Amino acid sequence: MTSSIILKSASELEIMEEANQIVAQTLCMLKEHVAPGVTTLQLDQLAEKYARKNNATPAFKGYRGFPGSLCVSINDQVVHGIPSRKVILQEGDILSIDFGVKYKGYYGDAAITVPVGSIDHQAEDLLKITRESLYKAIEQVKVGNRISDISQAVQDYVEERGYSVVRQFVGHGIGQHLHEPPEIPNYRRAGRSPKLLAGMVIAIEPMVNSGSHEVKILGDGWTVVTNDKSLSAHFEHSVAVTENGPLILSHGL
Ligand code: MG
């Protein structure tokens, strides 16, 4: 992480929109391939191929030693699941797919959670509420608001519906680095948070559990799971703050 918030120019935002559109298109393509019997490694290979064909580099591969292009997290896995030929999708699973690319020196980052075949009503509701909480957060992206307005919007929306927000992992600024300041928590922290300024670009990523908010990291050093084995969902958009309100760079998901 660099130490201060970096504002982006209009021409930088254009490149970042292109980067994020490669991410969004990759995720849309993957959605079509998610089905019982498919392995998470197959999805990973499809994503890498698609990104490279579009002159982008998968951003997560090799990041602090992460082995995959995608983070693929099933059911009680929250984030950072490692793609594997041993992980075979099954009817009724929910799968979070997080993808990032580097393109012309700038990063794009977005995530969706999708059903594998048909899923039960509870899982369906978790996906819906998590996705909606992201859009509630994006409504708060306006000049003069603070990061805490985003955090509060997610937390209120999620907790009023009986779910919990993960605290240990948060959203982030994004630009020429995958992770830049400021942090974008999905819960209200004590103290004053930074004001939103035109030119800031932030990755907002609610991680929502159907049980307790507590999580732990598995022995592989990456996979984050819920402590109580409850289901977890994750949606993410990279969003620019503009004088005219939020500009969702990863639109189209
Ligand atoms: Mg992110």
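This report describes a predicted model, moving from its metal site to its strands, its charged pairs, its aromatic pair and a surface patch.

**The metal site**

The magnesium ion is held by four side chains: Asp109 through OD, His172 through NE2, and Glu205 and Glu236 through OE. These contacts span 2.1 to 2.4 Å. Along the chain, the donors are spaced as D-x62-H-x32-E-x30-E. Glutamate 205 sits in the loop between strand 9 (201-204) and strand 10 (207-209), while glutamate 236 sits in the loop between strand 13 (232-234) and strand 14 (237-242), so this pair ties together parts that are 31 residues apart in sequence. Are glutamate 205 and glutamate 236 buried or exposed? Both are buried.

**Strands 4 and 5**

Strand 4 covers residues 94-103, and strand 5 covers residues 106-115. The two run antiparallel and are joined by 10 bridges. One of the contacts between them pairs valine 101 with glycine 108, which belongs to strand 5. The two strands form a hairpin with 2 residues between them. In this hairpin, lysine 104 takes a positive phi near 50°.

Why can strand 5 be called largely enclosed by the rest of the structure? The reason is that 9 of its 10 residues are buried, and a residue counts as buried when its relative accessible area is under 20%.

**Strands 7 and 8**

Strand 7 (residues 171-173) and strand 8 also run antiparallel, and 3 bridges join them. Glycine 171 has isoleucine 184, in strand 8, as its bridge partner. The hairpin that connects strand 7 to strand 8 passes through 6 residues.

**Salt bridges**

How many salt bridges does a search of the whole structure find? The search finds 8.

| Glutamate 48 | Lysine 61 | 2.8 Å |

Glutamate 48 forms a salt bridge with lysine 61. This pair links distant parts of the chain, with glutamate 48 in helix 2 (residues 40-53) and lysine 61 in the loop between strand 1 (57-58) and strand 2 (70-74), 13 residues apart. Glutamate 48 has a relative accessible area of 16%, so it is buried. Lysine 61, at 38%, is partly exposed. Glu48 and Lys61 also belong to a network of salt bridges that includes Arg52.

Glutamate 132 and lysine 128 lie in helix 3 and are 4 residues apart, which means that about one helical turn separates them. Glutamate 132 is partly exposed, with a relative accessibility of 26%. Lysine 128 is partly exposed too, with a relative accessible area of 46%.

**The aromatic pair**

A search of the whole structure finds 1 aromatic pair. The pair consists of phenylalanine 66 and tryptophan 222, whose rings are 5.0 Å apart from centre to centre. The angle between the planes is 85° and the arrangement is edge-to-face; planes over 60 degrees apart fall in that class.

The two residues come from distant parts of the chain, 156 residues apart. Phenylalanine 66 is in the loop between strand 1 and strand 2, and tryptophan 222 is in the loop between strand 11 (215-217) and strand 12 (224-226). Phenylalanine 66 counts as buried because its relative accessibility is 3%.

Glutamate 139 lies elsewhere, in helix 3 (residues 121-139). From C-alpha to C-alpha, glutamate 139 and phenylalanine 66 are 32 Å apart in space, and they are 73 residues apart in sequence. Glutamate 139 is partly exposed, at 48% relative accessibility.

**A nonpolar patch**

Which residues form a nonpolar patch on the surface? They are Ile5, Leu7 and Leu197, with about 230 Å² of accessible area together. Leucine 197 is in the loop between strand 8 (180-184) and strand 9. With a relative accessible area of 44%, leucine 197 is partly exposed.

Note on methods
Residues are numbered from 1 along each chain as its sequence is written. This is a predicted model: local features need pLDDT of at least 70, side-chain atom pairs count only at pLDDT 80 or more; totals for chains, interfaces and linings use all residues. Side-chain values use heavy atoms; hydrogens and water are left out. Buried means under 20% relative accessible area, exposed over 50%, partly exposed in between (1.4 Å probe, protein chains only). Two strands pair if DSSP finds at least two bridges between them. Donors are N, O and S atoms within 2.8 Å of the metal (3.2 Å for Na, K and Ca); water is not among the atoms, so sites may look incomplete. Patches are made of residues with over 30% relative accessible area and no salt bridge: like charges are joined within 9 Å, nonpolar side chains (Val, Leu, Ile, Met, Phe, Trp, Tyr) within 5 Å. Accessible areas come from the Shrake-Rupley method with a 1.4 Å probe; for residues, only the protein chains shown count as cover. A salt bridge is a side-chain nitrogen of Lys or Arg within 4 Å of a carboxyl oxygen of Asp or Glu. Rings of Phe, Tyr and Trp (its six-membered ring) pair if their centres lie within 6.5 Å; planes under 30 degrees apart count as stacked, over 60 as edge-to-face and the rest as tilted.
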